[in-house]
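Please read it alongside the structure shown below.

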Amino acid sequence: MDNQKLILFLALSMVVMLIFLAWEEQNAKPQKPIAQAPSLVTGPGQPAVSSTASPDDPGNQPSDLPNAVSSIDLPSDLPATAVAPATNSQQGVEDTTQSKTGKRVYVQTDVLKVEIDTVGGDLRKINLITYPVSVDKPDEGFQMLNDTLPRYYVAQSGLISKKGAAPDHHTVYEVEQTDYKLSDGSDEIKVVLNWSDPKGMSVSKIYTFRRDSYLIDVEYVVKNNSTSPWRGSVYSQLQRTKVSEQGQSSLIYTYMGGVISTPANPYEKIDFSDMADWKTQESFIQGGWVAMLQHYFLAALIPQQDQFTHYYTKAIDDIRFIIGMTSQEKSVEVNDQAHFVNQLYIGPKDQHRMEKAVKNLERTVDYGIFWVIAKPIFILLDYIHSILGNWGWSIIVLTLIIKLIFYKLSEASYKSMARMRRFQPKIADLRERYGSDKQRMSQALMGLYKKEKINPLGGCLPMLVQIPVFISLYWVLLEGVELRQAEFIFWFNDLSTKDPYYVLPILMGITMYIQQKLNPAPMDPMQQKVMMALPFIFTAFFAFFPSGLVLYWIANNLITIAQQYYVLRQYDKANPV
């Protein structure tokens, strides 16, 4: 197997992969049409929907509440009050309450613009102020959460109880004010929503937003001033529709869906199509988190890591998808109170921030099976950027460093190519002599290799060793939110989008063509035609790739050409004909 065959195989494999991804995107299972639900406005004077309905009457339960957990195997050291949540819901019953709205509470920090609804105290809208939706709209922050169809995506939480009233995410809260803004000199904002019932139960739902942070604390303070003990737990969930991301090429695949992290399985993907049937853990698990992912951004629910949590997913009519968690139950005696505390991370896939938030959250920057290789590459790229301050030049320098590290392996490959190139005329003579007699041709070819001490695999193996590294670098550049709207030079003001003038793809095709000319030409006429067509095919495909990825390929090709030209000249000088 010579180098031309290897290059041909790799090139065609990439083309097939790109075509398959595009086909898969176009032929994905169609979603049912989303009908606009009527707006059901709920005011403070209307009764709240409580999660204390009788287990024999599940029809009173909205279908987007967490299901009851049965057959729980609790750890032996778990307190006796930790029992399964006592909610019952009827799967498949349409829930029209998703559009209920009350008063809006507006919160603005230096990085977030938030809308909280008094119905449920849900996080209904969140804009990331420092991440504009596009370069052309610098004043419009990227919208993560949104409570309007078709891009319905909200963060919900509430209490569930089998003994006493409990406000869920359909309950109406009271608020003292509706506008909050982080002032100069302040490091946090606390937003308090209150609920109470005539029997003496009261709940305060407290959001805490901090300066320069995408972590949000959600605390429930349950006060029992009734005449009997209260028992209950807190649940948190993300609910959204599946809608393709705007502006993303169908040739580029990035994961959108759910993830559950536990100590036993730190990164388990759960596709939207699997959320209805995913087998939840029939026990409480210490630590972990759940999240909804999309390209560059995520929303994650993070429990206290020393607590035990039950994780779940569900789908409502294959339109809305839910991933969430339920805490262990607590008892609140008369004239006593209890606290439930969780966190949300809603923002960019910034590895530095996510590493500080919770263990394994940085793995949502999905490098696939080459995570172990890709992570050090990102660390090196990030370090180079800290020096240069430009992601485009950082990509070029990183590519140069990687090529230098693998120079000795590449040199062996280039020398093998040089030997093969020198004996191309003899190989051509053998082909003419034996014609279509493949067996004799093969024997003669192996005899030539043995006589001249040529290893036909000598050029392949060094290239194969490097493939995982360059695939890892590809994913680092594709997944990195740092390249989103990152400037380079000239008109390149967003390395995560295609080159609007197609200069980079054309340069990539030219460098690929030059690189082919340095390699020994394949003897088979059909292979020659395919190899000649590849630069044009790749130019067409790469025309829609992010500029940062194309820049990497150009840098890689140029460095390869320089290294290969140097090695070939040195070989010819040391081995004159």
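## Terms and basis

In the residue classes used here, Ala, Val, Leu, Ile, Met, Phe, Trp, Tyr, Cys and Pro are nonpolar, Asp, Glu, Lys and Arg are charged, and the others, Gly among them, are polar. The model is predicted: local features need pLDDT of at least 70, side-chain atom pairs count only at pLDDT 80 or more, and totals for chains, interfaces and linings use all residues. Residues are numbered from 1 along each chain as its sequence is written, and side-chain values use heavy atoms, with hydrogens and water left out.

## Cavities

The whole structure contains 4 cavities of 30 Å³ or more. A cavity is a set of points, on a 1 Å grid over the protein atoms alone, where a 1.4 Å probe fits but cannot get out; lining residues have an atom within 4 Å of a point. The largest cavity holds about 140 Å³ of space. Of its 14 lining residues, Q304, Q307, S327, V341 and N342 are the closest to its centre. Strands β17 (308–316), β18 (320–327) and β20 (336–348) each contribute at least two lining residues, where strands are DSSP runs (E, at least two residues) and helices are runs of H or I with at least four residues, numbered from the N terminus. By class, this lining has 6 nonpolar, 7 polar and 1 charged residues.

The second largest cavity has a volume of about 70 Å³. Its lining consists of L123, A155, Q156, S157, Y207, V218, S236, L301, N342, Q343 and L344. Two or more of these residues come from each of β5 (153–163) and β20. The lining comprises 6 nonpolar, 5 polar and no charged residues.

## Packing of α9 with α11

Helix α9 (residues 503–518) and helix α11 (residues 547–574) have axes that come within 9 Å and cross at roughly 25°. The two helices are therefore roughly parallel to each other; this term covers angles under 35 degrees, whereas 65 to 115 is roughly perpendicular, over 145 is roughly antiparallel and the rest is oblique. The crossing of α9 and α11 is left-handed. Their contact, by heavy atoms within 4.5 Å, includes L504, M508 and L518 of α9 and W553, I561 and L568 of α11. It contains 14 nonpolar, 6 polar and no charged residues.

## Packing around α4

Helix α3 (residues 371–388) and helix α4 (residues 391–405) approach within 9 Å between axes and cross at roughly 130°, which makes α3 oblique to α4. Their crossing is right-handed. Among the residues that meet are I377, L381 and H385 in α3 and W391, I395 and I401 in α4. This contact has 11 nonpolar, 2 polar and 1 charged residues.

Helix α4 also packs against α11, at an angle of about 40° and with the axes 9 Å apart. That angle makes α4 oblique to α11. This crossing, too, is right-handed. The contact includes G392, I396 and K403 of α4 and G548, A555 and Q563 of α11. It divides into 8 nonpolar, 6 polar and 1 charged residues.

## Backbone features

The peptide bond from L149 to P150 is cis, with omega near 5°. P150 lies in the loop between β4 (137–145) and β5.

D318 is not a glycine, yet has a positive phi of about 55°. D318 belongs to the loop between β17 and β18.

How values were computed: On a 1 Å grid over the protein atoms alone, a cavity is a set of points where a 1.4 Å probe fits but cannot get out, and a pocket is an open set with protein on both sides within 12 Å along at least five of seven lines; lining residues have an atom within 4 Å of a point. Grid points are joined across faces, edges and corners, and a volume is the space filled by probe spheres set on the points. Axes are lines fitted to C-alpha atoms, for helices over the stretch in contact, and angles run from 0 to 180 degrees between N-to-C directions. A crossing is left-handed if the near helix is turned anticlockwise from the far one by less than a right angle, and right-handed if clockwise.
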